[in-house]
Amino acid sequence: RVKRAYGRDSEVIYPPVDTDFFTPGNGKSELTADGSRLTVDGYYVAASRFVPYKRVDLIVRAFAASGRRLVVIGDGPDADKVHAAAGGAPNVTFAGHADRETLREYLRGARAFVFAAEEDFGIAPVEAQACGTPVIAYGKGGALETVVPLGSAGATGLFFDEQTVESLNAAVARFETESGAITADPCVGQAAKFANSRFRAEFSAWVRREARI
């Protein structure tokens, strides 16, 4: 897009992800929005600002239809639409806004992090991987560079091809069949590629080079 708009080449420096904070835990999360305990194992998690392009409503509709357990973290101007998408389904829990510690606990305990947006980068999927959690992501944009799909060495997740309930649920079903091929260590290792230290080193090198320092 830079080449098309400005007629010049560009260099990609990935934004930093706090891999010192987002780390694997020692067990499953037991947090819920109302302070009670999660009694159903195997929940999925989505965490996002509720704005239209994030497509949180799509994730909610897909899980409401499938009956799989979903915890949704976040809020925003699209909240009414996102909540309506659940249709009162008991398997969908809205946890509201969460601080970083609570978000980390949900990520650590989830079977997978679900991401339906097309982003230039997308920090949340990398934070999930830093917690050792696989990612199920829409296969466009930055996710293609941050998630290693099933079928590749060191897989950390998989993609769905269309922003539809059917495509997402098919990907979740595939994940449940083949998730044994994904372990925490490759997820953590993939996230480490986007650590703060890499950003500082690459950005500093770029500044020195361009300033002829």
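**Helix H2 and the cores**

Modeller: The buried residues of H2 are Val56, Asp57, Leu58, Ile59, Val60, Ala62 and Phe63; buried means under 20% relative accessible area, exposed over 50% and partly exposed in between, with a 1.4 Å probe and protein chains only. Helices (H or I, at least four residues) and strands (E, at least two) are DSSP runs numbered from the N terminus. This is a predicted model, in which local features need pLDDT of at least 70 and side-chain atom pairs count only at pLDDT 80 or more, while totals for chains, interfaces and linings use all residues. Residues are numbered from 1 along each chain as its sequence is written, and side-chain values use heavy atoms, without hydrogens and water.

Colleague: Which elements do the buried residues of H2 pack against?

Modeller: They pack against E1, E2, H3, E3, E4 and H7 (165-178), where contact means heavy atoms within 4.5 Å.

Colleague: Which element gives the most to the largest nonpolar core?

Modeller: That core has 33 residues, and Ile59, Phe63 and Leu168 are among those that touch the most other members. H2 gives the most, with six residues. A nonpolar core is a set of buried Ala, Val, Leu, Ile, Met, Phe, Trp, Tyr and Cys residues joined through side-chain atoms within 4.5 Å.

Colleague: What does Leu168 touch?

Modeller: Not counting residues up to four places away in sequence, Leu168 touches Leu58, Ile59, Ala62, Val114, Ile136 and Phe160.

Colleague: Turning to the backbone, what is the phi of Arg55?

Modeller: Arg55 has a positive phi of about 55 degrees, although it is not a glycine. Arg55 lies in the loop between E1 (44-47) and H2 (56-66).
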